[in-house]
Amino acid sequence: MGTSHRHKASVLGEPNWGKASQSMTSTAKAVEDGNNLEKESNNLPSKQYAKAQSRVNNRIKSNYHRAVSNLIKAAGGRSNVASGKSFAIGKSGVSWLSNFASNLQDLQSKGLVNWLTEHNETIENKSTKDIIKLVAQISSDYMGGLDDTAAREAEMHVIDLLENIIGNNVDAIDKNINNILDSKMMTYLLDQYFGMYIFQHLVQDFSERIVKSKGEEICNQTFSEIQELIMEDVRVGFGKGIPATKIDWKGSQGHEYITKEFNRILRILSADDND
C-alpha cells in the first residue's frame, strides 16, 4: 500500500492522531475477523452467518469513519482542512484543485491551440492524456506543504477520469471542455478528488502500522475495503451539495465553492452531522 508517513506538522503527537490510529487498527481487526468468519461459513446456519457478517461490515464502516474524523481533528479541524489552511491535510489538495479548475476555465475561454501556445506547447503528437497531464502539471506548480503525495495521487485519479470522459480525440477537447465545466461534472470531479485525497492520507499515515500488526495481506485488504467505502460514500452523497453553476473558478468564488464542497465531503466521510 506504500510507505506510511506521519505528518510532521500539528499531527505528530496529537491525541486525535492516536485515536485515528486505534480506529484503523480496529478496522483491520474487523477485516481479519471477517476472513475468519468466512472460513467458518459452512459450519454456521445461513441466518447466523448473515447477521455476523453484517456486524463485521458495520464495524469496518464505523471504525473507518472514526479514523477519518479523528485524523481531521488532528490536522486542525474540518474548517481548517477544508479551507486549505492546514499544512498537514488540506493545503496541497485545495491549492491544486483551485489551480486546476482555474486552468480548465482558462483553456475553455482561449481554446486549446491558443492555450497551448501561451504555455509554449503545440498540439502536435499530443494525446488527450498528454493535454490533461499538462493542465495538471501547470496546476501543481503551485502546490506546497507536507501533503503533496496524497494530492498527487488524487490528481492522477482525476486525470484518469477526465481521459475516459473526453476520449481519445484531441480535436474534441474544445467541445468537451464545456461538458467538463458543467456544474454536475465539476462537482463530480471535486468529490472524486477529495475522496481519493482523504483515502491516500489514511494510506500514508497508517499502512505501515497495520502491516506490522496484521501483516501485508490484511493491510492490503483493509485499505481496499476502505477505498471502496469512501468512494461509495462519495457516490451516494453526490448531487446533495450546492450546484457549481456559473462559477468563476479563477477568483475567490471558485475557492469558496471548493472549500464548501470539501467541507461537505469531510462531513460524509467522518459521519459528522454537525455543521
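Predicted model: local features only at pLDDT ≥ 70, side-chain atom pairs only at ≥ 80, totals over all residues.
A cavity, as I use the word, is a set of points on a 1 Å grid over the protein atoms alone where a 1.4 Å probe fits but cannot get out, and lining residues have an atom within 4 Å of a point. Volume is the space filled by probe spheres set on the points, with grid points joined across faces, edges and corners.

Residues are numbered from 1 along each chain as its sequence is written, and side-chain values use heavy atoms, with hydrogens and water left out.

Cavities first. I found two of 30 Å³ or more. The largest holds about 80 Å³, and its lining includes Phe100, Leu104, Ile131, Val135, Leu162 and Ile177. Helices α4 (91-110), α6 (128-140), α7 (148-166) and α8 (173-180) each give that lining two or more residues (helices are DSSP runs of H or I, at least four residues, numbered from the N terminus).

Leu97, Phe100, Ala101, Val158, Met186, Leu189 and Leu190 line it, with α4 and α9 (183-214) each supplying two or more.

Then the nonpolar core (buried Ala, Val, Leu, Ile, Met, Phe, Trp, Tyr and Cys joined through side-chain atoms within 4.5 Å; buried is under 20% relative accessible area, 1.4 Å probe, protein chains only). In the largest one, of 72 residues, Tyr197 and Phe223 touch the most other members. Helix α9 gives the most to this core, 13 residues. I also logged a second, separate core of six residues, Ala30 and Ile60 among them.

Conventions: 1 Å grid on protein atoms, 1.4 Å probe; cavity = no way out; pocket = protein on both sides within 12 Å on 5 of 7 lines; lining within 4 Å. Buried < 20%, exposed > 50% of the residue type's maximum accessible area, 1.4 Å probe, protein only.
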